[in-house]
Amino acid sequence: MRAKTILAFNGYQTGQSKAKCGHRDHCSLTTPKSRLSETLMSERQPLIAGRANGNGHHRGGSFAKLRAVLTAEGQPSYFSSFKWILFGSWWNVLLVFIPLSFIAHNLNWDAAYRFSFSFFAIMPLAKLLGEATDQLAIELGETLGALLNASFGNAVEIIVGIAALLQGELRIVQTSMLGSILSNILLVLGCAFFAGGVKRHEGKFDATGAQAASSLMTLSCITLIIPAAYHASFVKPPKGGDDPSPDDATKPGLLLISRGTSIILLVLYLAYLWFQLRTHPDLFKDENEEEQEEEEREEVKMNLPAAALSLLAVTLVTSFCADYLVASIEETAERYNIPEAFIGLILLPIVANAAEHFTAVLMAMKNKMEVTIGIAVGSSIQISTFVIPLLVIVGWITHKDLTLFFANFETVALFVSVLLVNMLIQDGKSNYMEGLMLVGLYLVIALAFWAS
């Protein structure tokens, strides 16, 4: 999407905000928001001079402010706003798959068509979500924009996860979330390190900020290991040696552990946002911040109402396409002998992250490694400490018993991946060989899930 993360490393939370602005908390201060504020201040004069006092002035001022926002005074017109969001990127060519997805689902075409059309339809929608969120965040200002980016940074993963959860596809939820984490910290970061390393001898980034992010990533990984260890301590594997599945004896305990852990992770996520935005923002700033800020000032392309309407419309369409995609997974897997775990772990993350992956590699080639780390590691943090706990809570509310208990192999794969990433970024330097290591591990894991 667009690129998607948690205000990590200069505010690269969402799709294209990562591509266009390396300093979210500064960009919002250099946009026409100040002009809009001046317009609103001037509109506070009473419409009728004789009602300058009392309730009439309050109603007149409120009406004037509302009119100023809706008419987008001093901002791009509605026509130019919607023209930019629809025709501003070559990714939007894939929007043609949206009607095909609707038609294929409602006419009950072959599962391969339904899956493929929905698959390609979500790619540009993820990009549009990032664009709309980015533009809306500019107009809302630093604080509200940061919170919006933190909430919609991984909107596609949340939408796909909720769609699968409501359909009872708990394994798809788990594998798709795990796949998004692995895709970001192995494939995206690996390709970025390789691309940057080919162009220059060595890339550099702030090791302290990277370590703070990776430490939180490690903690979230440990919280996924604990349910598996709890289950293993109570259930003995059968004589055949197969991994046991959760049974009635451990299910209540797993649910308690998972739901309690999810609440704790959400609190830690909020604390991390505060740490990153308020108390220790210097750890996440680029060394050449002032120069890059001048180079990368983001231009406002949409007015506030148009951005909000676009965000709502794209979210609605994405929810339908995600629902159609999830509904076709089981039939596609059975008919074409594709492991469901492979679909969830490898294919679905590509849907949500394709544009973001491209952005991370592009930033690495421009030697903006802080941005690259923010996209890859920051997005993984948001998934592990916000999206997954949120889905567990949603499952709790909707009576879907989603837990943090992953299969042993999945837990081991996540652990070794986080371990390798921590080892590679602790020195604050990168090269193409480190990138090859990360991509190599990702391919090994993908091969193993295909064999499963």
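In which helix does L128 lie? In this predicted model, L128 is found in helix α8, which spans residues 111-140. The residue is buried, because its relative accessible area of 5% falls under the 20% cut-off. Apart from its neighbours within four places in sequence, L128 is in contact with I85, N92, L95 and V314. A further relation across the sequence is that between L128 and T315, which are separated by 187 residues along the chain, while their C-alpha atoms are 9.3 Å apart in space.

One of the contact partners of L128, I85, belongs to helix α6, formed by residues 78-87, in which S81, W84 and I85 are buried. An α-helix has 3.6 residues a turn, so residues three or four places apart point the same way. On the other side of α6, by contrast, F79 and F87 are exposed.

As regards confidence, the protein chain has an average pLDDT of 78, and 74% of the residues reach a score of at least 70. Over residues 238-244 the pLDDT remains under 50, and for this stretch the model shows 5 contacts beyond four places in sequence. Residues 289-296 likewise have a pLDDT below 50, with 14 contacts in the model beyond near neighbours in sequence. Where pLDDT is low, the predicted coordinates should not be read in detail.

Terms used
Residues are numbered from 1 along each chain as its sequence is written. This is a predicted model: local features need pLDDT of at least 70, side-chain atom pairs count only at pLDDT 80 or more; totals for chains, interfaces and linings use all residues. Side-chain values use heavy atoms; hydrogens and water are left out. pLDDT is the predictor's confidence in each residue, from 0 to 100. Contact means heavy atoms within 4.5 Å. Buried means under 20% relative accessible area, exposed over 50%, partly exposed in between (1.4 Å probe, protein chains only). Helices (H or I, at least four residues) and strands (E, at least two) are DSSP runs, numbered from the N terminus.
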